Amino acid sequence: RNPKNVQAQVCVLINRQKCEQYFADTIRGVVTEPAQYSCSWEVVNRCLKSDSFLEKEDLEKCFQQTMLVLAGELIQIVPENVLYAARGAQGSGVWQVIDGTYYCYI
């Protein structure tokens with residue numbers, strides 16, 4: 001996984017958590033909302049159960065990037081009004097596309 005894409009995903013989660021008008025007020029609540037991030041859980045579960053060193057290494061890199069953002073060790077790279085990350089455009093416009101993921105404004 002591209003570290004910039006992983007970091008941007010985490011920033012979107014944080015942005016959503018801060019935007020209580022539309023999303024849950026906790027990271028856990030944002031991640032577990034219906035129809036949100038379910039494919040991510042499937043990937044994590046697959047990697048945890050896998051015997052593949054590469055899949056486990058990929059998952060570990062994602063966790064490391066996530067922890068860096070959450071610990072405040074990286075500058076938030078995504079504007080606060082970017083609340084969508086998907087495989088296509090959503091919301092009011094596209095901020096940036098990273099590895100096929102569209103980061104979109106509310």
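This briefing walks through the fold, the core, the sheet and a few individual residues of the protein shown above.

The model is predicted, so local features need pLDDT of at least 70 and side-chain atom pairs count only at pLDDT 80 or more, while totals for chains, interfaces and linings use all residues. Residues are numbered from 1 along each chain as its sequence is written, and side-chain values use heavy atoms, with hydrogens and water left out.

**Overall layout**

- The protein has four helices and three strands; helices (H or I, at least four residues) and strands (E, at least two) are DSSP runs, numbered from the N terminus.
- Read from the N terminus, the elements come in the order α-α-α-α-β-β-β.
- Of the 106 residues, 30% count as buried; buried means under 20% relative accessible area, exposed over 50%, and partly exposed in between, with a 1.4 Å probe and protein chains only.
- Among contacts with a separation of 6 or more, 43% come from residues 24 or more positions apart; a contact means heavy atoms within 4.5 Å.

**Helix 1**

- Helix 1 has 16 residues and reaches 23 Å from its first C-alpha to its last, close to the 22 Å expected at 1.5 Å a residue; the expected span is 1.5 Å times one less than the number of residues.
- Buried residues in helix 1 include N5, A8, C11, V12 and N15.
- An α-helix has 3.6 residues a turn, so residues three or four places apart point the same way.

**The nonpolar cores**

- A nonpolar core is a set of buried Ala, Val, Leu, Ile, Met, Phe, Trp, Tyr and Cys residues joined through side-chain atoms within 4.5 Å.
- The largest one has ten residues: A8, V10, C11, V12, I14, V69, V78, V82, I98 and Y103.
- Helix 1 (residues 3-18) gives the most to this core, with five residues.
- A second, separate core has six residues, among them L13, C19, F23 and V31.
- Leaving aside residues up to four places away in sequence, V78 touches A8, C11, V12, N15 and W95.

- Three strands make an open sheet in the order 1-3-2, with antiparallel pairing; two strands pair if DSSP finds at least two bridges between them.
- Strand 1 (82-86) and strand 2 (93-98) stand at the edges, each with a single partner strand, so one side of each is left without a neighbour in the sheet.
- On average, neighbouring strands of this sheet are turned by 25° against each other, direction ignored; axes are lines fitted to C-alpha atoms, for helices over the stretch in contact, and angles run from 0 to 180 degrees between N-to-C directions.
- Strand 1 is joined to strand 3 (residues 101-105) by four bridges, and the two run antiparallel.
- The bridge partner of Y84 in strand 3 is C104.
- Helix 1 packs on the sheet and touches strand 1, strand 2 and strand 3; its direction makes about 130° with that of strand 1.
- A85 stands opposite Y103 in strand 3.
- Strand 2 is joined to strand 3 by five bridges, again running antiparallel, and I98 stands opposite T101 in strand 3.
- The hairpin of strand 2 and strand 3 has two residues between the strands, and D99 there takes a positive phi near 50°.

**An aromatic pair**

- Rings of Phe, Tyr and Trp (its six-membered ring) pair if their centres lie within 6.5 Å; planes under 30 degrees apart count as stacked, over 60 as edge-to-face and the rest as tilted.
- By this rule there is one aromatic pair.
- The rings of W95 and Y103 have centres 6.5 Å apart and planes at 85°, so the pair is edge-to-face.
- W95 counts as partly exposed at 24% relative accessibility, whereas Y103 is buried, with a relative accessible area of 0%.

**Residues worth a look**

- N5 lies in helix 1 and counts as buried at 11% relative accessibility.
- Not counting residues up to four places away in sequence, N5 touches I98, D99, T101 and Y103.
- V97, found in strand 2, counts as partly exposed at 43% relative accessibility.
- V97 and N5 are 92 residues apart in sequence and 9.1 Å apart in space, C-alpha to C-alpha.
- E20 sits in the loop between helix 1 and helix 2 (27-31) and is exposed, with a relative accessible area of 53%.
- The C-alpha atoms of E20 and V30 are separated by 9.8 Å, with the two residues ten apart along the chain.
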